[in-house]
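Please open the structure in a viewer and keep the selection tool at hand.

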Amino acid sequence: MDIVTLKKRLIDKIQATENSALLEEVQRLLILEKVDETDTYQLNEEQQNAIAEARDDIKNGRLLSSEQAKLDIDKWLKK
């Protein structure tokens, strides 16, 4: 299907729908497409602190293997 036909079909479907959730999702996807790949996501202070803490944990060997993490999660879910 060529791009012009696809656009027309999408426009027809958008005009025909009464589903506001669907329309909002389409809008969200179109907004995401507009974001330039060179734009960077800005982390807030809390996020930056969490990343710094995680890096410090890794640097100092405070981490779990995948197997240990799985065991801990299984143990936690059984409580």
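By about how much of a helix are arginine 28 and glutamate 25 separated in helix α2? The two residues are about one helical turn from each other, because they stand three residues apart in α2.

Before going further, please note that this is a predicted model, in which local features need pLDDT of at least 70 and side-chain atom pairs count only at pLDDT 80 or more, while totals for chains, interfaces and linings use all residues. Residues are numbered from 1 along each chain as its sequence is written, and side-chain values use heavy atoms, leaving out hydrogens and water.

**Stop 1: helix α2**

Select residues 20-34, which form α2; helices are DSSP runs (H or I, at least four residues) numbered from the N terminus. Arginine 28 and glutamate 25 form a salt bridge, with the closest N and O atoms 2.5 Å apart. A salt bridge here is a side-chain nitrogen of Lys or Arg within 4 Å of a carboxyl oxygen of Asp or Glu. Side chains of opposite charge can pair when their charged atoms come close. Arginine 28 counts as partly exposed at 41% relative accessibility, and glutamate 25 counts as partly exposed at 34%. (Buried means under 20% relative accessible area, exposed over 50%, and partly exposed in between, with a 1.4 Å probe and protein chains only.)

**Stop 2**

Next, select residues 3-16, helix α1. Its 14 residues reach 20 Å from first C-alpha to last, close to the 20 Å expected at 1.5 Å a residue; the expected span is 1.5 Å times one less than the number of residues. At the start of α1, a side-chain oxygen of aspartate 2 comes within 3.0 Å of the backbone nitrogen of valine 4. Glutamine 15, also in α1, is exposed, with a relative accessible area of 61%.

Move on to threonine 17, in the loop between α1 and α2. Threonine 17 counts as buried at 17% relative accessibility. Leaving aside residues up to four places away in sequence, threonine 17 touches Leu22 and Leu23 (contact means heavy atoms within 4.5 Å).

**Stop 3: a nonpolar surface patch**

Select Met1, Ile3, Val4, Leu6, Leu10, Ile14 and Leu23, which make a nonpolar surface patch of about 650 Å². Such a patch joins nonpolar side chains (Val, Leu, Ile, Met, Phe, Trp, Tyr) within 5 Å, from residues with over 30% relative accessible area and no salt bridge. Helix α1 gives the most to the patch, with five residues. Leucine 23 belongs to α2 and counts as partly exposed at 32% relative accessibility.

**Stop 4: helix α3 and its ends**

Select residues 45-59, helix α3, whose 15 residues reach 21 Å from first C-alpha to last. Asparagine 44 caps the N-terminal end of α3, with a side-chain oxygen 3.0 Å from the backbone nitrogen of glutamate 46. Just after α3, glycine 61 takes a positive phi of about 75°.

Now select arginine 62 and aspartate 56, whose side chains meet in a salt bridge (2.6 Å, N to O). Asp56, Asp57 and Arg62 are linked in a network of salt bridges.

**Stop 5: helix α4**

Finally, select residues 66-78, helix α4, where aspartate 74 and lysine 70 are four residues apart and therefore separated by about one helical turn. Their side chains meet in a salt bridge (3.3 Å, N to O). Lysine 70 is partly exposed, with a relative accessible area of 48%.

Key
A polar contact is a pair of N or O atoms within 3.5 Å; within protein, one must be able to donate a hydrogen and the other to accept it, and residues adjacent in sequence count only if both atoms are side-chain atoms. Patches are made of residues with over 30% relative accessible area and no salt bridge: like charges are joined within 9 Å, nonpolar side chains (Val, Leu, Ile, Met, Phe, Trp, Tyr) within 5 Å. Accessible areas come from the Shrake-Rupley method with a 1.4 Å probe; for residues, only the protein chains shown count as cover.
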